[in-house]
Amino acid sequence: MNELEQRTLARLEKNGFMNYNHIEMETVEQDYAVFRLQVRPENRNVYGMVHGGAIYTLADNATGSAAHTDGRNYVTQSGTLYFLRNQREGIIRAQARVRHRGRSTVLVAVDVVGDDGTLLASGEFSFFCIG
């Protein structure tokens, strides 16, 4: 495990909401991160599909980790996520890539994909640097 992965895992251990929702980091590289969610009964809505809040939380954590790869600290400033499809079981992944890094803000694009690579959601999150 490289230094960036170790630093990211140490920060994520403190993220109670992410851990409560069973979201896990798969990959982190400079300006890029992939997170996953194994669909469980508690992640589903009343229709048996993955809850939109779980998908949004997955995307927010992946994009935030991509933003943090420069070693600075960020908070989510805004997020837009377009829900396109859904699934009932399996694994979903959020693939996040930094599109722009400024002095105080970062813009990160995200795609949430299903088991078979189907695009489930897509969007962008912006982050504000707090130090």
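Which residue forms a salt bridge with Arg-99? In this predicted model, the partner is Glu-124, and the closest N and O atoms of the pair are 2.2 Å apart. The legends below begin with this contact.

**Close-up 1. Salt bridge between Glu-124 and Arg-99.** Glu-124 is partly exposed, with a relative accessible area of 32%, whereas Arg-99 is exposed at 56%. The count for the model comes to seven salt bridges.

**Close-up 2. Salt bridge between Glu-26 and Arg-93.** The closest N and O atoms of this pair are 2.9 Å apart. Distant parts of the chain are linked here, as Glu-26 belongs to strand E1 and Arg-93 to strand E4, 67 residues apart. Both side chains belong to partly exposed residues: the relative accessible area is 33% for Glu-26 and 25% for Arg-93. Through shared partners, salt bridges join Glu-24, Glu-26, Arg-36 and Arg-93 into one network.

Close-up 3. Asp-31 is in the loop between E1 and E2 and Arg-101 in strand E4, so far as 70 residues apart. Asp-31 is partly exposed at 24% relative accessibility, and Arg-101 is partly exposed at 26%. E4 and E5 pair in the antiparallel sense over eight bridges and form a hairpin with three residues between them.Close-up 4. Surroundings of Ile-92 in the nonpolar core. The largest nonpolar core has 33 residues, and Phe-35, Leu-58, Ile-92, Val-108 and Val-112 have the most contacts inside it. Among the elements that give two or more residues to this core are helix H1 (3–12), helix H3 (52–67) and strand E4 (91–101). Helix H3 provides the largest share, seven residues. Beyond its neighbours up to four places away in sequence, Ile-92 touches residues including Phe-35, Leu-37, Val-50, Ile-55, Leu-58, Val-112 and Leu-120. Ile-92 is also the bridge partner of Leu-37, and seven bridges join the antiparallel strands E2 and E4.

**Close-up 4. Nonpolar surface patch at Phe-128.** Val-75, Phe-128 and Ile-130 make a nonpolar surface patch of about 260 Å². Phe-128 is placed in strand E6 and counts as partly exposed, at 37% relative accessibility.

Definitions and conventions:
Residues are numbered from 1 along each chain as its sequence is written. This is a predicted model: local features need pLDDT of at least 70, side-chain atom pairs count only at pLDDT 80 or more; totals for chains, interfaces and linings use all residues. Side-chain values use heavy atoms; hydrogens and water are left out. A nonpolar core is a set of buried Ala, Val, Leu, Ile, Met, Phe, Trp, Tyr and Cys residues joined through side-chain atoms within 4.5 Å. Buried means under 20% relative accessible area, exposed over 50%, partly exposed in between (1.4 Å probe, protein chains only). Contact means heavy atoms within 4.5 Å. Two strands pair if DSSP finds at least two bridges between them. Patches are made of residues with over 30% relative accessible area and no salt bridge: like charges are joined within 9 Å, nonpolar side chains (Val, Leu, Ile, Met, Phe, Trp, Tyr) within 5 Å. Accessible areas come from the Shrake-Rupley method with a 1.4 Å probe; for residues, only the protein chains shown count as cover. A salt bridge is a side-chain nitrogen of Lys or Arg within 4 Å of a carboxyl oxygen of Asp or Glu.
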